[in-house]
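This report concerns a single protein chain. The sequence and the model are shown first.

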Amino acid sequence: MPRRLRDGSEDGLEPLVSLDPRQAGSVSELLEAMSRTAFGGRRLGEAFGVLREMAADPSCEIIVTISGAMSVAKMGGVLCTMMESGHAHFVVTTGAFVTHSLSEAIGASHYKMRAGLSDRELYERGYNRIYDSLELESSLEGVNRLVDAVLTARGFERPMGSYELHHAIGEHLAANGAERSILGCAYRTGVPVYVPAFTDSEVGLAVATHGLARSRAVAADPEEGVLFVDPPLFNPYLDLYDFARRLAAAETLGIFTVGGGVPRNWAQQIGPFFEVINSRLGTSFEVPRIRYGVRICPEPEHWGGLSGCSYSEGVSWGKFLRPEEGGRFAEVLCDATIAWPLLVRGLLETQGARERRTRSSSGERTSD
């Protein structure tokens with residue numbers, strides 16, 4: 001049987017368009033044009049479209065999850081911009097991200113790794129290497145002093161979650177001239193910051209040693225070795241309950257994910273958590289599911305880990321709405337230090353253009 005060759009338009013296929021950078025007057029226009037190309041460029045352009053739709057939805061509360069040392073990579077200002085512009089309502093991240101951001105907040109610097117220095121030499125000089133960058137051990141000592149000072153001043157006498165400690169640190173930073181640090185910005189904008197794997201960080205260790213110092217609860221036993229008793233007043237379930245309460249009150253949910261790991265999964269498990277509650281406790285809570293999702297991560301899906309798994313896989317767990325229910329997702333297999341700033345810059349441009357049009361239609365004079 002002879003083939004019937006079709007021209008694409010008969011089947012409603014969308015044609016690709018050659019990219020002319022001279023026709024793009026802004027980053028947002030460039031990203032829109034890239035969505036009509038192919039490969040990674042199309043993925044980035046399509047992600048911009050979903051992010052723009054997410055941000056334009058007035059009912060949508062946006063969760064930003066971040067793994068990796070993005071603060072050492074100097075992406076903290078990108079997150080602060082998202083919080084300040086109303087594009088991040090919750091932050092779920094790693095203790096490393098918070099710790100390294102506090103180095104910046106106390107005035108310390110991160111440095112480029114210099115060729116020729118071995119990792120042993122770096123250790124002896126007090127430099128901690130993070131791929132191509134360095135964190136100073138002396139800076140981490142300063143972070144420890146900051147956390148200790150906040151804990152002492154607050155005198156926490158009841159169990160606390162990480163979001164409460166981060167709020168207190170942010171308040172301290174904002175009052176001392178570091179209001180555009182990550183936690184200072186989160187405090188100013190009312191964005192809670194959760195760290196699910198809290199003890200896996202310098203800040204977590206600072207809390208642990210603060211508690212030990214106060215109670216002198218570490219000792220050596222001839223047979224048992226080192227003994228730790230009377231742990232700090234920290235309870236990770238306070239984070240889970242607070243996060244669940246806030247998300248249950250949201251009309252629509254979106255998620256913007258940088259990397260994967262614990263922050264991503266912890267934030268996405270909110271739907272399954274409410275399903276478990278309803279199933280085992282006989283309640284009838286409405287199950288919150290995520291409608292919009294944009295993920296930036298270079299890890300491929302076939303490794304089988306959570307960092308690389310698709311949003312479609314999350315649908316099978318009840319974490320996301322199906323596309324036929326309105327789910328809108330995009331995934332960019334790229335280094336976040338490349339894609340994240342471009343997406344946020346494009347979003348700011350479209351938001352600014354929308355605000356100018358709104359003022360103009362209302363009769364308010366505008367100027368560009």
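## Overall architecture

The structure is a predicted model. Its chain contains 14 helices and 11 strands, and the C-alpha atoms occupy a box of roughly 85 × 60 × 60 Å along the principal axes. Of the 368 residues in the chain, 44% are buried. When contacts between residues at least 6 apart in sequence are considered, 69% join residues at least 24 apart.

The accessible surface of the chain amounts to about 19700 Å², and carbon and sulfur atoms contribute 51% of that area. The chain carries 37 positive and 47 negative side chains; the centres of these two sets lie 5 Å apart.

Helix α8 spans residues 182–189, and its buried residues are Ile182, Leu183, Gly184, Cys185 and Ala186. Just after α8, Gly190 adopts a positive phi of about 70°.

Strand β5 comprises residues 133–136 and is covered on both faces. Ser133 and Glu135 are buried on one side, while Leu134 and Leu136 are buried on the other. This arrangement can be set beside a general rule: in a regular strand, side chains alternate between the two faces of the sheet.

Two other strands pair with β5. Strand β3 (residues 111–112) runs antiparallel to β5 and is joined to it by 2 bridges; strand β4 (residues 127–130) is likewise antiparallel to β5, with 4 bridges. Leu134 of β5 is the bridge partner of Tyr111 and also the bridge partner of Arg129. A hairpin is formed by β4 and β5, with 2 residues between the strands, and Tyr131 in its turn has a positive phi of about 55°.

## Salt bridges

Side chains of opposite charge can pair when their charged atoms come close. Across the whole structure, 19 salt bridges are found. Where do the two residues of the pair Asp242 and Arg246 lie relative to each other in helix α10? They are 4 residues apart in α10 (residues 236–248), and therefore separated by about one helical turn. An α-helix has 3.6 residues a turn, so residues three or four places apart point the same way. The side chains of Asp242 and Arg246 form a salt bridge with an N to O distance of 2.7 Å. Asp242 is buried, at 7% relative accessible area, whereas Arg246 is partly exposed at 30%.

A second pair, Glu164 and Arg158, also forms a salt bridge, at 2.7 Å from N to O. Glu164 counts as buried because its relative accessibility is 15%, under the 20% limit; Arg158, at 44%, counts as partly exposed. In the salt bridge between Arg322 and Glu325, the N to O distance is 3.3 Å. Here Arg322 is partly exposed, with a relative accessible area of 37%, and Glu325 is partly exposed at 36%. Finally, Glu84, Arg180 and Arg188 are linked in a network of salt bridges.

Conventions. Residues are numbered from 1 along each chain as its sequence is written. This is a predicted model: local features need pLDDT of at least 70, side-chain atom pairs count only at pLDDT 80 or more; totals for chains, interfaces and linings use all residues. Side-chain values use heavy atoms; hydrogens and water are left out. A salt bridge is a side-chain nitrogen of Lys or Arg within 4 Å of a carboxyl oxygen of Asp or Glu. Buried means under 20% relative accessible area, exposed over 50%, partly exposed in between (1.4 Å probe, protein chains only). Contact means heavy atoms within 4.5 Å. Accessible areas come from the Shrake-Rupley method with a 1.4 Å probe; for residues, only the protein chains shown count as cover. Lys and Arg count as positive and Asp and Glu as negative; His and the chain ends are not counted. The place of a charge is taken as NZ of Lys, CZ of Arg, CG of Asp or CD of Glu. Two strands pair if DSSP finds at least two bridges between them.
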